[in-house]
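Subject: Structure for your review

Dear colleague,

Please find below the structure that I promised to hand over to you. My notes on what was found in it follow directly after it.

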Amino acid sequence: MKYRELGESGIQVSLICLGTMTWGEQNTREEALAQMDYALEHGVNFWDAAEMYPVPPRKETQGDTERCIGDWLKRTGRRHDVVLATKVTGRSDRSWIRDVRETRVNRAQIIAAIHGSLKRLNTDYIDLYQIHWPDRRLGLWGEAGASYVHKQTADETPILEAMETMTELVNSGKVRCIGVSNETPWGVSQYLEASKQGCQRIVSVQNSYSLLNRVYEHGLSEYAFREGIGLLAYSPLAMGSLSGKYIGGRTPAGSRKALFPNFLTRYESEQAKECIVQYARLAESHSLHPADMALAFVNSRPFVTSNIIGATNPDQLKQNIDSVDLTLSDELETAIQAIHLRCKHPAAA
Ligand SMILES: NC(=O)c1ccc[n+]([C@@H]2O[C@H](COP(=O)([O-])OP(=O)(O)OC[C@H]3O[C@@H](n4cnc5c(N)ncnc54)[C@H](OP(=O)(O)O)[C@@H]3O)[C@@H](O)[C@H]2O)c1
């Protein structure tokens with residue numbers, strides 16, 4: 001395994017981060033426990049959860065992913081071997097997450113959220129506490145493509161309020177460092193402004209990043225890199241699409257597309273489908289599995305701190321962790337760039 005520093009926190013995290021959002025829905029508790037055992041045995045010390053998980057989010061299962069991790073920690077006692085990340089839910093109408101009309105990123109709700117997470121996780125501290133998505137209204141998860149659509153909300157919680165609360169959590173020892181997710185350059189600039197007013201500095205941005213979605217490279221990559229903030233790249237396989245398994249309209253039984261078809265629509269435009277075929281052909285012409293090339297691409301970007309994989313079976317988990325040892329040749333890099341230039345934003349989320 002390779003390790004990189006989480007922002008400027010001094011914490012070393014594995015280049016592969018264990019994604020967890022399938023645990024408690026697509027994966028059972030036993031499968032989750034086995035994934036944690038295998039990942040740690042293979043050097044993956046960084047795990048990413050959220051109070052809202054598993055997905056798709058449901059009242060009946062909410063918190064079960066964190067409960068799986070809590071069970072593992074209780075069983076193994078290996079809390080200090082793991083860098084544990086979780087998230088407070090952004091603004092939403094999922095009133096069942098807390099007993100509120102809307103989940104909001106304000107002081108009261110951040111405090112309620114962390115108490116719930118600490119309890120479910122069976123721990124008294126979280127290494128990286130992240131804001132899952134902002135309190136201000138943004139077009140997220142492909143809703144607006146790569147475009148910015150301004151949505152006026154007079155009642156946005158000030159970023160400073162969220163940051164002061166997160167800072168209190170750090171000062172009280174409940175959290176070691178803080179990060180954001182699904183953010184824009186403007187959002188990141190506001191979090192950095194707050195740190196000039198005595199708040200903790202964020203160490204990471206967790207955004208979607210893959211061969212099909214390179215929006216992060218436009219603005220955030222240089223900005224965050226120069227500010228010592230790392231990208232935690234999620235959906236590196238575009239939810240499995242970049243493995244090539246859906247090419248030609250196939251829908252393997254038990255796959256995410258078969259189970260939750262709405263999840264993948266952002267990767268199903270004609271342009272995205274064409275792009276997936278081109279990347280798959282390119283990988284195969286270099287004797288690589290398409291998933292390996294897609295993961296190696298993310299692993300090798302200098303602004304990526306960790307690549308958050310999502311596996312639903314042991315073979316996928318092994319393959320995805322092993323991607324850390326792959327190197328893309330200069331020829332392959334050039335060919336990837338040529339496809340990218342022809343098809344810049346096939347999917348944006
Ligand atoms: N901050 C956020 O808003 C946000 C959003 C999304 C994800 N995340 C984080 O990022 C993690 C990973 O996201 P993701 O699950 O979307 O990542 P992904 O790697 O793009 O997609 C994972 C899915 O692809 C399939 N897959 C994985 N490895 C494969 C392989 N080697 N060959 C073929 N298919 C493979 C699996 O689906 P099937 O077996 O089901 O087909 C798996 O569920 C999550 O667990 C979560 O921690 C964060």
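**A buried arginine**

Arg 91 is placed in the loop that runs between strand 5 (83-88) and helix 3 (107-121). Please keep in mind throughout that this is a predicted model. Is Arg 91 buried or exposed? With a relative accessible area of 9%, Arg 91 falls under the limit of 20% and therefore counts as buried. Its side chain reaches the backbone oxygen of Asp 135 at 3.3 Å. Leaving aside residues up to four places away in sequence, Arg 91 touches a number of others, including Glu 102, Arg 104, Trp 133, Asp 135, Asp 155 and Glu 156.

**The ligand and its surroundings**

Which residues come nearest to the ligand? Among the 31 residues around the ligand, these are Gln 26, Asp 48, Ser 235, Lys 245 and Thr 312. Two of these names return when individual atoms are considered. In the side chain of Asp 48, an N or O atom is 2.7 Å from an oxygen atom of the ligand. For the side chain of Ser 235, the corresponding distance from an N or O atom to a ligand oxygen atom is 2.7 Å. Leu 237 takes part through its backbone, where an N or O atom lies 2.9 Å from an oxygen atom of the ligand. The ligand taken alone exposes 910 Å², and the protein buries 95% of that area.

The shell around the ligand consists of 11 nonpolar, 16 polar and four charged residues. Strand 10 (304-309) and helix 10 (314-322) each supply at least two residues of this shell. Helix 10 gives the most, with three residues.

**Backbone features**

One joins Tyr 53 and Pro 54, with omega at about 15°. The other runs from Val 55 to Pro 56, with omega near -5°. Pro 54 is in the loop between strand 4 (46-48) and helix 2 (64-76), and Pro 56 is likewise found in the loop between strand 4 and helix 2.

A further loop, between strand 9 (230-234) and helix 7 (256-259), contains Ala 238. Although Ala 238 is not a glycine, its phi is positive, at about 50°. Met 239, which also has its place in the loop between strand 9 and helix 7, has a positive phi near 60° and is likewise a residue other than glycine. Ala 238 is buried, with a relative accessible area of 0%, and Met 239 counts as buried at 12%.

**Aromatic rings**

How many aromatic pairs does the structure hold? There are six aromatic pairs. In one of them, the rings of Tyr 209 and Phe 297 have their centres 6.1 Å apart; their planes are at 20°, under the limit of 30 degrees, so the pair is stacked. This pair links distant parts of the chain, 88 residues apart: Tyr 209 is in the loop between strand 8 (202-208) and helix 6 (220-226), and Phe 297 is in helix 9 (residues 290-299). Both Tyr 209 and Phe 297 are buried.

Tyr 209 also forms an edge-to-face pair with Phe 303, with 5.6 Å from centre to centre and 80° between the planes. Phe 303 lies in the loop between helix 9 and strand 10, 94 residues from Tyr 209. Phe 303 is buried, with a relative accessible area of 12%. Together, Tyr 209, Tyr 216, Phe 297 and Phe 303 form one aromatic cluster.

Yours sincerely

Note on methods: Residues numbered from 1 in each chain as written. Predicted model: local features only at pLDDT ≥ 70, side-chain atom pairs only at ≥ 80, totals over all residues. Heavy atoms only, no water. Near = heavy atom within 4 Å. Polar contact = N/O pair within 3.5 Å; in protein donor to acceptor, adjacent residues only side chain to side chain. Areas by Shrake-Rupley, 256 points an atom, 1.4 Å probe, with all protein chains shown as cover. Helix = DSSP H or I, 4+ residues; strand = E, 2+ residues; numbered from the N terminus. Nonpolar A, V, L, I, M, F, W, Y, C, P; charged D, E, K, R; others polar. Buried < 20%, exposed > 50% of the residue type's maximum accessible area, 1.4 Å probe, protein only. Contact = heavy atoms within 4.5 Å. Phe/Tyr/Trp six-rings, centres within 6.5 Å; stacked < 30°, edge-to-face > 60°.
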